[in-house]
Amino acid sequence: QQGADLILGGHTHIKMDEAEVVNGIPIAQSNYGTTHIGRFDLTVDTEKGGLKSWQWQLVALTEKICRPDKDMDEVADKVVFERKGGREDLVICRLDKPYTHESRLYETDLGNLIADAFAEIYKPDFVLIQSGSLRRKELGPVVTERDFSELYPFDDQFLLIELTGSEIKNSFQYLFSLKPDGSIMGGTFQYSRGFFLHVDARDCWEKGAKVVDLRIGGKKVEDRRRYRVGMTQNCMDKLFRYFGIEPDPERLRVVSLSTYHDLVTYFLLKEDVVCAPERG
């Protein structure tokens, strides 16, 4: 029976400074996004098969290590845009200022703007979207279709799931709790206006964080009340890993088959300059 000689992980965003060996098999992964690249130097036994020796390095990607390739950037942008079948010079909207999304690890003003747009379109009690689904660090003040395609290159379904206040409280407590593998969070999110979450993270890395306050629409979450939570299908598919809950099909409804189309239409129909309301 053939076994594995080497395991390369991906997409779980784990940074491994050193490879871990389990049952004689080296396992490694190189962080998230394009921040690092992993390098394995292998000596292979071509006669008997398998590895004679190996060495792993985690290399931070800087301009000294990997210089930007403008030609490849243009090709990639063109492929993404042409899939959408749009006009790159079409002005979708004008924002009151540039909005930024510098890091997927934090709530950002651009993330808030998009989450608020979803909330206005689909009318849930609150929306959460995965931070990683937004792929530009800045947008505006003039937004063309090319800009928007680069910001939100994915199309997806949008769903409403009904959860009790108790389920929401337990879900966010699970999100910030210390997991058996030593991790804290399963994902990072952007939230719509009216959602307030206060987390005490002073003992974060030792014990996990504690949810101190949770409000929806300015009011404390009520345990028995049912709330409608909006999210994409991709987020729904990962709900158990993120929040430790299995969605009940009886309390789940698909409200859109094209989040990209709905967002573009929403901003196109804005008559005035678009601005995000101040957060309370």
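**A strand beside a cavity**

Modeller: Start with I161, which stands opposite V229 in strand β16. This is a predicted model, so local features need pLDDT of at least 70, side-chain atom pairs count only at pLDDT 80 or more, and totals for chains, interfaces and linings use all residues. Residues are numbered from 1 along each chain as its sequence is written, and side-chain values use heavy atoms, with hydrogens and water left out.

Now the wider view of that pairing. Strand β11 (residues 158–164) and β16 run antiparallel, joined by seven bridges. Strands pair if DSSP finds at least two bridges between them. Strands (E, at least two residues) and helices (H or I, at least four) are DSSP runs, numbered from the N terminus.

β16 is mostly covered, with five of its seven residues buried. Buried means under 20% relative accessible area, found with a 1.4 Å probe and protein chains only.

Next comes the space inside. How many cavities of 30 Å³ or more does the structure hold? It holds one. A cavity is a set of points on a 1 Å grid over the protein atoms alone, where a 1.4 Å probe fits but cannot get out. The largest cavity holds about 80 Å³ of space. That volume is the space filled by probe spheres set on the points, which are joined across faces, edges and corners.

What lines it? Lining residues have an atom within 4 Å of a point. For the largest cavity they are F126, L128, L163, I168, S171, F172, V229, M231, L239, F243 and I245. The largest share, three residues, comes from α4. An α-helix has 3.6 residues a turn, so residues three or four places apart point the same way.

Ten of its residues are nonpolar, one is polar and none is charged. Nonpolar covers Ala, Val, Leu, Ile, Met, Phe, Trp, Tyr, Cys and Pro; charged covers Asp, Glu, Lys and Arg; the others, Gly among them, count as polar.

Now follow α4 to its other neighbour. An open sheet of three strands has the order β13-β14-β15, with antiparallel pairing. β13 (195–200) and β15 (219–220) stand at its edges; each has a single partner strand, so one side of each is left without a neighbour in the sheet. Helix α4 (residues 165–175) packs on this sheet and touches β13 and β14. Contact means heavy atoms within 4.5 Å. The direction of α4 makes about 140 degrees with that of β14. Such angles run from 0 to 180 degrees between N-to-C directions, and axes are lines fitted to C-alpha atoms, for helices over the stretch in contact. Six bridges join β13 to β14 (residues 210–216). In that pairing, F195 stands opposite I216.

To recap: α4 gives three residues to the cavity lining, and α4 also packs on the sheet.

Conventions. 1 Å grid on protein atoms, 1.4 Å probe; cavity = no way out; pocket = protein on both sides within 12 Å on 5 of 7 lines; lining within 4 Å. Buried < 20%, exposed > 50% of the residue type's maximum accessible area, 1.4 Å probe, protein only.
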